[in-house]
Amino acid sequence: MSTVSTVTSGAQVLPRTALDLYLRTVRLPVTLAARATGQQDNAQWPPALAFESVQATVEGTVGEWLRDPALVERSRLRQEKLAQLRKAGALEEIAEQEQAEAKQEYEERTEEARDAARAAEKRAAARKAQAEKKAAAQARQAEKQAAARKQAAEEAEAAREKQVDRAERSRTLAALDEESKALAAEAKAQDAQAAADDVEHAIETSKAVRKAT
């Protein structure tokens, strides 16, 4: 039994070696292309994955035909590796897509924030302009009111001064009238005194004439 197994194993080695040589030869263009494009270390490079899939299928088919468990096991391991690589690639693609979506969402939110900021600046500028306009109007109104109060005060002062002037003139006229009356009375008294003196002088003159005759 051991001899038969050894013979069978030895008979499988040659086809397996020939198959490996054939597959390496067929894979050579893919290997050269990978080196030329810098993808030799990228296990998820689509041409490499495609060839790995073909190689797994060939190894499995030949292994079953030759009843070579090593080729069958190699095919199974290669298929598992391909499944993991495809899964990793799918996950990486999903991650890249999610990253792209997150980036797009971030950019959209950033643009929305910028739009909101610009709108807020416009509203603030409008409120500031309105406040400045209102303040200017209030300042003009205050200036008008101050000017009106000043004019009213000046007019009141002028009226008071005018009233004071009228009162002063009235007092002056009254004083002048009193003085005129006093002067008239004094002149009347002087005239009366002069008339009395004239009468007395006439009497004295008459007496002197009578004595002389």
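**Helical architecture and charged contacts**

Along the sequence, the protein chain of this predicted model follows the pattern α-α-α. Three helices and zero strands are present. The radius of gyration is 68 Å, well over the 17 Å that the globule rule gives for 213 residues, so the chain is more spread out than a compact globule. Along the principal axes, the C-alpha atoms fill a box of roughly 225 × 30 × 20 Å. Of the 213 residues, 11% count as buried.

The salt bridge count comes to 15. One of these pairs Asp20 with Arg74, with the closest N and O atoms 2.5 Å apart. Asp20 lies in helix 1 (residues 2-37) and Arg74 in helix 3, so this pair ties together parts that are 54 residues apart in sequence. Asp20 has a relative accessible area of 17%, under the 20% cut-off, and is therefore buried. Arg74 is partly exposed at 26%.

A salt bridge also links Arg76 to Glu80, the closest N and O atoms being 2.4 Å apart. Both residues lie in helix 3, four residues apart, about one turn of the helix. Arg76 is partly exposed, with a relative accessible area of 37%. Glu80 is partly exposed, at 37%.

Glu111 and Arg118 form a further salt bridge, with a closest N and O distance of 3.3 Å. Glu111 is partly exposed at 34%, and Arg118 is partly exposed at 40%.

On the surface, Asp197, Asp198, Glu200 and Glu204 gather in a patch of negative charge. Glu204 belongs to helix 3 (residues 69-212). Its relative accessibility is 44%, so Glu204 counts as partly exposed.

How values were computed: Residues numbered from 1 in each chain as written. Predicted model: local features only at pLDDT ≥ 70, side-chain atom pairs only at ≥ 80, totals over all residues. Heavy atoms only, no water. Patch = residues over 30% accessible without salt bridge, like charges linked within 9 Å, V, L, I, M, F, W, Y side chains within 5 Å. Areas by Shrake-Rupley, 256 points an atom, 1.4 Å probe, with all protein chains shown as cover. Salt bridge = Lys/Arg side-chain N within 4 Å of Asp/Glu carboxyl O. Lys, Arg positive; Asp, Glu negative; His and termini not counted. Charge placed at Lys NZ, Arg CZ, Asp CG, Glu CD. Helix = DSSP H or I, 4+ residues; strand = E, 2+ residues; numbered from the N terminus. Buried < 20%, exposed > 50% of the residue type's maximum accessible area, 1.4 Å probe, protein only. Rg over C-alpha atoms; globule rule 2.2 N^0.38 Å.
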